[in-house]
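Hi,

Here is the structure I promised to pass on to you. Have a look at it first, and then read on for what turned up.

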Amino acid sequence: MSGPKAMLASQKIDLERIHFLLVDDNVQSLDIMSQVVAGFGVRSIVKCTSAAEARATLLKNTMDFLLTDAQMPGESGYDLTHWVRHEGPETNRYMPIVVVTGHTPRSHVMRARDCGAHFVVAKPLTPKVLLERIFWTAQDDRKYIECDEYCGPDRRFQRLGPPVGTEGRRSDDLSGALGDPAEPNMSQDDINALMKPAKVAL
Amino acid sequence: MSQVRKFKVHSRLSRLALGRGGVTVVEALQQASAALEEIRPPCIAMVDECLAEIDQRFGPMAPNRANEPLADLYSLSSCIIDVSGALPNSGMDQAANALCELVDLTISSERVGWVAFDVHIRALHLLRSHGASLSEERRRAVISGLREVVVKRFGPVEAA
């Protein structure tokens, strides 16, 4: 799995035919999202001020990208994301989702990740950060994981290996036994003796 | 454990966005910034409306602030963050973020301390009036002062 490539100034991006769904209960904030996305060249933008309105839109239309505020009264952007991933129509279930939020304690970021969002973007929204996340999402080669508890992009995008003492569940996880020490670690003197040959008197 | 399915999804975004057409990143960013400029005045007006409502309901002179729901203060400061991009380099977003943090911790701990709120509200006013003209160092000092108020009251706060 490779990480996202850097966005170059000369890189071209074509969002003209991409259908964007924007959701925020704050109308002014929704306008900011919409202006930024329109500036990127997007022609098809649907704006909703609640998760319920967004759900109704998603039931009738196929969208390509969901940008939703996290904290909305009643049903939050996290709930909407969870609904899309678990109960949304098949045509929209695996769409890229970016959650935007003004307040980003670690617990909120984890919540967004665990409900199946691709990325979290901190407000205030800036064109550069949003375009970068769209760009990353377009190149994202993470597999989707679908099970009762979770549906969304693979959350394990950092290669830290399986938890210590377990075999790991990925087909390409290395065996837990591989790399186990066969004998005690070498002392620094042993290492020096190997790596730093010294002149000896004959 | 439930059945786990792993699969690749080739989104329309991936197929269409990174082809040869479209605009360059520089052009896209310039167009977006120009589009944002058009809605700057209403965004600034919203910051001022939120600040006025915070003063009226939660400020030091608000007669009934102890009975006002703190969740509303969270919403107001969150709203300031939403539109504070219209006031770049003012520190408003960070001060409003610190206020959100304070409200969040206050609600979960049920320990209301109005002095800490007053400090945050005064900082918001200071940054609204002079934030953009302050040096980066002084602006940072104001924000770190707010963080210290929160830490002093509730201990170290989890970072994203």
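Let me start with the interface: 53 residues of chain A are in contact with 50 residues of chain B. Please keep in mind that this is a predicted model. On the chain A side, strand S1 (12-13), H1, helix H5 (106-114), helix H6 (127-139) and strand S7 (144-146) each supply at least two of the residues that touch chain B. H1(A) gives the most, with eight residues. By type, the residues on this side of chain A divide into 24 nonpolar, 16 polar and 13 charged.

Strands also pair across the two chains. S1(A) is joined to strand S2 (residues 23-24) of chain B by two bridges, and the two run antiparallel. In this pairing, Ile13(A) stands opposite Val23(B).

Now for strand S2 of chain A, residues 19-23, which is mostly covered: five of its five residues are buried. His19(A), Leu21(A) and Val23(A) point one way, while Phe20(A) and Leu22(A) point the other way.

Five bridges join S2(A) to strand S3 (residues 44-48) of chain A, and four join S2(A) to strand S4 (residues 65-69) of chain A. Leu22(A) takes part in both pairings, standing opposite Lys47(A) in S3(A) and opposite Leu67(A) in S4(A).

How does the chain get from S2(A) to S3(A), and what is the hand of this β-α-β crossover? The path goes through helix H1 (residues 27-39) of chain A, and the crossover is right-handed.

Best wishes

Methods. Residues are numbered from 1 along each chain as its sequence is written. Chains are lettered from A and ligands numbered from 1 in the order in which they are written. This is a predicted model: local features need pLDDT of at least 70, side-chain atom pairs count only at pLDDT 80 or more; totals for chains, interfaces and linings use all residues. A residue is buried if 20 or more other C-beta atoms lie within 10 Å of its own, exposed if 12 or fewer, and partly exposed in between; C-beta atoms are placed from the backbone. Two strands pair if DSSP finds at least two bridges between them. A crossover is right-handed if, with the strands pointing away from the viewer, the path from the first strand over the helix to the second runs clockwise. Two residues are in contact if their C-beta atoms, placed from the backbone, lie within 7 Å. Ala, Val, Leu, Ile, Met, Phe, Trp, Tyr, Cys and Pro count as nonpolar, Asp, Glu, Lys and Arg as charged, and the others, Gly among them, as polar.
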